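Biologist: Could you show me the model, and then take my questions on it one at a time?

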Amino acid sequence: KDNKSVNEANKSDDVLIVYLSRTNNTQAVAKMIYEEVGGEIVELELKTPYPEDYDEIVAQVDQENETGYLPPLKTEIENIQRYDIIFIGFPTWDMQLPPPMKSFLTKYDLSGKTVIPFNTNAGYGVGSSFNTVKELCPESTILEGYSTKGGVERDGIYFVMEGEKRKEVKGEVKDWLESLQIMK
Ligand SMILES: Cc1cc2nc3c(=O)[nH]c(=O)nc-3n(C[C@H](O)[C@H](O)[C@H](O)COP(=O)(O)O)c2cc1C
């Protein structure tokens with residue numbers, strides 16, 4: 001058998017990459033994972049999008065976190081049961097898992113699946129987000145996540161995944177994926 005086609009086939013079928021991204025930093029990491037692993041890549045979208053304005057979205061997310069509101073998703077994943085490995089990517093918002101990702105993990109049953117989180121943030125880390133992923137996926141195998149500094153929208157720094165930063169993150173993502181030993 002031709003090795004390459006075997007690998008190509010194995011690589012993609014059971015992998016889903018779902019991400020939330022406002023200023024495209026997390027999206028850039030999602031695409032790097034996709035380039036290495038293949039599969040399906042899906043952006044999480046809301047039925048009612050968040051405000052463009054930074055202060056407004058911060059206020060809204062604060063309130064959603066306080067009340068536990070789960071914003072309805074526009075994104076529909078058909079037949080999620082066909083995936084075994086699910087990467088979930090999100091920025092840190094309010095030092096937590098963003099409400100749309102809480103919606104996603106509440107809506108879909110990922111029992112028995114391997115769930116792998118990844119994150120970008122303004123330099124304050126993942127906060128409680130990776131722990132919340134564990135809490136919302138009690139019957140999943142959660143592998144070690146990856147996180148890197150992204151934009152600092154508060155200071156007008158939006159997309160940073162270019163030039164040297166891009167190269168650095170690409171290398172880190174490759175090493176991380178290899179360490180997970182999910183690549184065939
Ligand atoms: C509503 C909101 C809240 C945020 N809260 C935090 C935070 O608590 N800690 C942090 O490090 N960064 C925070 N950030 C910054 C983002 O995590 C950071 O810019 C990230 O790279 C954005 O990813 P994206 O480009 O994929 O949207 C926040 C950004 C937004 C829009």
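Biologist: Which residue takes a positive phi just after α6?

Modeller: This is a predicted model, in which local features need pLDDT of at least 70, side-chain atom pairs count only at pLDDT 80 or more, and totals for chains, interfaces and linings use all residues. Residues are numbered from 1 along each chain as its sequence is written. Helices (DSSP runs of H or I, at least four residues) and strands (E, at least two) are numbered from the N terminus. Just after α6, with a phi of about 55 degrees, comes Q181.

Biologist: What distance separates the end C-alpha atoms of helix α6?

Modeller: The expected span of a helix is 1.5 Å times one less than its number of residues. For the 18 residues of α6 (residues 163-180) this gives 26 Å, and the distance in the model agrees, being 26 Å.

Biologist: Is strand β3 largely enclosed or open, and how many of its residues are buried?

Modeller: A residue is buried if 20 or more other C-beta atoms, placed from the backbone, lie within 10 Å of its own, exposed if 12 or fewer, and partly exposed in between. Strand β3 (residues 85-91) is largely enclosed by the rest of the structure, because its buried residues number six of the seven.

Biologist: Which residue in β4 is the bridge partner of I86?

Modeller: Strands pair if DSSP finds at least two bridges between them. β3 pairs in the parallel sense with β1 (residues 15-19) over five bridges, and L16 stands opposite I86. β3 also pairs in the parallel sense with β4 (residues 114-121), over seven bridges. There, the partner of I86 is V115.
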